[in-house]
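Student: I would like to learn how to read the features of a protein model. Could you take me through one, step by step?

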Amino acid sequence: MTTRHRASEGTNSPSPRRRTVVKAAAATAGAALAAAPLAAALPARAATQAPAFLHGVASGDPLPDGVLLWTRVTPAADAVPGSGIGPDTEVSWLVARDKALTDVVARGATTATAAADHTVKADIRGLRPATDYWFRFSAGGTDSPVARTRTAPAADATVTGLRFGVVSCANWEAGYFAAYRHLAARGDLDAWLHLGDYIYEYGSGDYGTRGRVVRPHTPTHEILTLADYRARHGTYKTDPDLRALHQQAPVIAIWDDHEFANDTWSGGAENHTEGAEGTWSARQAAARQAYFEWMPVRPAIAGTTYRRLRFGKLADLSLLDLRSFRSQQVSTGSGSVDDPDRTITGRAQLDWLKAGLTASDTTWRLVGNSVMISPFVVGSLTADLLKPLAKLLGLPQEGLALNTDQWDGYTDDRRELLAHLRSNAIRNTVFLTGDIHMAWANDVPVDAGTYPLSPSAATEFVVTSVTSDNLDDLVKVPEGTVSAIAAPVIRAANRHVHWVDTDRHGYGVLDLTADRAQLDYYALSDRTAANASSSWVRSYRTRSGTQKVERTYDPV
């Protein structure tokens, strides 16, 4: 349940890829089957003390005057995510301007019910712009952890700088979420962006672990039902590093395919068998419902994740939904990728994006983009590298150079968008992208075939995966081995690509000033180690007015 409450500042008074076939038994598994393994995975406190806040607290979608708060209460030991059981429970919340919660500016209460999987949201308004706040939930004498959040700057504010964490593609089974821990430890983030694949839908051992399941998913079967999706979200939010990051800064999230099923499109997915796994419409509805229950995200236009946030005069952020409206992916190498009747955005979303970019009066126009917009051809990779790269990208392993799940498979939409940027002289558009499990720094050329003679219409920073397999994992060789060979070949065939790292896992930190947008790329020492260290790898920036990426040799 989401409640909206208005703060009363300065007072203490209350105020308002291929996949394995899932057996039929998995498709019909009841809530009790999903609940049992999750209960075992939760802290022992769940069995002895309730209510409890076992999944942490979070905030998201910061506005100049407000933010969305989230938690999930476990009202009884057996009321685990997806169980559909447990009593209605009153959950109160308060917001303060100090960590000790003495300077309270807002408080309220709502009821957590089994109908919403005992998740609650409070949409707080009436707060001050560009201000740190702390908040806490309480239920039945139990308090949640205290968390920090931050509002966005006022729409007309002159902002000297902004800093965002940037992440994508966190597969629970492939390792630990140390990337989240290192971002949480920084203490300097205005917010963090999750660009999709916050969860994965596969059954245990079915996807992306270099052959080793570090920690099994719950439920262990591929998720299909509402109970399944709820249980999987609940599993992810038991991760201590993810909980820590949610407690330190508001998240701004979009979904990609694995919040639903691999290679999702508007009418289905590669990883969905109609009939044997129920109907796509029912599965999609279940995934959507669980997502909005479990994520501190405001449902936006048409109940999806495309929406726009503003951060003073420095930046606005257009967040895309590239799954709900897209046409089905076509075969690699098919001429139909150029078909103007095919779309990755849908007409309404593309018009909304173009209009927003045109109307923007901010220095930077950021686009949260779940799949790579820059064109990409493979080049002359050797067969031993081409085959795993093709597997990672969903290409035929014989090797035609096109990933039709990306914007490469929907060239008419891309052509229209880039032409709009050029014809309207829209500067400083930066695409922030996930999905591909590799790190990239790209110019976005109007015509890749003639680049660099063709102008660049925008720039793109792509972050690698938090844990999901990348190229060295697929080849099963030491980290860096593949990138040393593949990266020069990829860059030679794609002159707009300034850098690509095919091997490492990690995250990015985006730093904005009026003069430049810079992404610092960080890598983890070992995705399978809970205590993995983090190190700076490279930095790239785009200077205001250039629409070009350049390397810089120090992180911000």
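**Reading the model together**

Tutor: In helix α10, the buried residues are Thr411, Asp412, Asp413, Arg414, Leu417, Leu418, His420 and Leu421. Buried means under 20% relative accessible area, exposed over 50%, and partly exposed in between, with a 1.4 Å probe and protein chains only. Helices (H or I, at least four residues) and strands (E, at least two) are DSSP runs, numbered from the N terminus.

Student: Before we go on, what kind of model is this?

Tutor: It is a predicted model, where local features need pLDDT of at least 70 and side-chain atom pairs count only at pLDDT 80 or more, while totals for chains, interfaces and linings use all residues. Residues are numbered from 1 along each chain as its sequence is written, and side-chain values use heavy atoms, leaving out hydrogens and water.

Student: Thanks! What do the buried residues of α10 pack against?

Tutor: For packing we look for contact, meaning heavy atoms within 4.5 Å. The partners of the buried α10 residues are α8 (347-359), β18 (429-433), β19 (439-445) and β20 (456-462).

Student: What span does α10 reach from its first C-alpha to its last?

Tutor: The expected span of a helix is 1.5 Å times one less than its number of residues. α10 (residues 411-423) has 13 residues and reaches 18 Å, close to the 18 Å expected. Ala425 follows α10 and has a positive phi, near 50°.

Student: Which residues of helix α4 are buried, and what do they pack against?

Tutor: In α4 (residues 178-186), the buried residues are Ala178, Ala179, Tyr180, His182, Leu183 and Ala184. They pack against the strands β10 (162-167), β11 (191-194), β22 (506-512), β23 (516-524) and β24 (534-543), and also against α6 (240-248). Just after α4 comes Gly187, with a positive phi of about 75°.

Student: How do I read two helices that cross? At what angle do α5 and α7 cross?

Tutor: Axes are lines fitted to C-alpha atoms, for helices over the stretch in contact, and angles run from 0 to 180 degrees between N-to-C directions. The axes of α5 (residues 226-236) and α7 (residues 280-294) come within 8 Å and cross at roughly 35°. On the α5 side, Leu226, Tyr229, Arg230, His233 and Gly234 meet α7 residues that include Arg283, Ala286, Tyr291 and Trp294.

Student: Now for aromatic rings. How many aromatic pairs does the count come to?

Tutor: Rings of Phe, Tyr and Trp (its six-membered ring) pair if their centres lie within 6.5 Å; planes under 30 degrees apart count as stacked, over 60 as edge-to-face and the rest as tilted. By this rule the count comes to 21 aromatic pairs. Phe135 and Phe137 form an edge-to-face pair, 6.2 Å centre to centre with 90° between the planes. Phe135 and Phe137 are both buried. There is also one aromatic cluster formed by Trp172, Phe177, Tyr180, Trp192 and Tyr236.

Student: Which backbone features deserve a look?

Tutor: Most residues other than glycine have a negative phi, and most peptide bonds are trans. Here, a cis peptide bond joins Thr218 and Pro219, with omega about -10°, and Pro219 lies in the loop between β11 and α5. Another cis bond joins Tyr451 and Pro452, with omega about 15°; Pro452 is in the loop between β19 and β20.

Student: Where is Cys169 found, and what is its phi near?

Tutor: Cys169 is in the loop between β10 and α4, and its phi is positive, near 60°. With 0% relative accessibility, Cys169 counts as buried. Gln547 also has a positive phi, about 55°, and lies in the loop between β24 and β25 (550-552). Gln547 is buried, with a relative accessible area of 12%.
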